[in-house]
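Work through the exercises below with the model open. Each task is followed by its solution.

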Amino acid sequence: MKRTLILGFGNEYRRDDGVAREAINGLLKALNRPELALDDDGYDDLGQDVDVAFLHQLVPELTEVVADYDQVVFVDAHVQGMCEDIHEEIISPFYKPGIVTHQLTPNALLAMANELYGKMPQGVLLTIRGHDFDFGLGLSEQTAACVPVVVERLLALTGEG
């Protein structure tokens, strides 16, 4: 079995921007594992065939973690009009330095893992359409309705489905 990291990112205090945590918790529930509590990043439980983490943003310090996996599935929210309700794409390593280097794209994180550690995990990006990015907890009905579909896809990607 390939080792997989499900890496969600977003701000759970901005309603639908926290959809990745809900998807991760749905996956954990399906795997009969404890769900992540609010503000729990999942780092204490790394080391299994299927690991999960949820962060506010992707940062260079994740490079070493990402390099230990065969596959990394990035989960995030996207804005209306960008694409369908649930979007999936295979991502390739690509890094273009910018002014703000403490925040990375999934592509850049994979590129750094390759450059620094000679490791190239397969990258998949799953995004879920967000409808409400106002301050607060909890998902909009429309975004919440996508979570079970994303959980099924995560199970399939990890070989657990």
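**Exercise 1.** Compare the span of helix H3 (residues 106-117) with its expected span.

Solution. Helices here are DSSP runs of H or I with at least four residues, strands are runs of E with at least two, and both are numbered from the N terminus. H3 has 12 residues. The expected span is 1.5 Å times one less than the number of residues. For H3 that gives 16 Å. From first C-alpha to last, the helix reaches 16 Å, close to the expectation.

The model is predicted: local features need pLDDT of at least 70, side-chain atom pairs count only at pLDDT 80 or more, and totals for chains, interfaces and linings use all residues. Residues are numbered from 1 along each chain as its sequence is written, and side-chain values use heavy atoms, with hydrogens and water left out.

**Exercise 2.** Which residues of H3 are buried, and what do they pack against?

Solution. Buried means under 20% relative accessible area, exposed over 50%, partly exposed in between (1.4 Å probe, protein chains only). In H3 the buried residues are Pro 106, Ala 108, Leu 109, Leu 110, Ala 111, Met 112 and Ala 113. Next, look for contacts, meaning heavy atoms within 4.5 Å. The buried residues of H3 pack against strands S1 (4-9), S3 (71-78), S4 (86-91) and S5 (122-129), and against helix H2 (63-66).

**Exercise 3.** Repeat the analysis for helix H1 (residues 19-30).

Solution. Start with length. H1 has 12 residues, so at 1.5 Å a residue it should span 16 Å; its end C-alpha atoms lie 17 Å apart, which agrees. Then list the buried residues: Val 19, Ala 20, Arg 21, Ala 23, Ile 24, Asn 25, Leu 27 and Leu 28. Their packing partners are S1, S3, S5, strand S2 (50-55), helix H4 (141-144) and helix H5 (147-158). Asn 32 follows H1, with a positive phi near 60 degrees.
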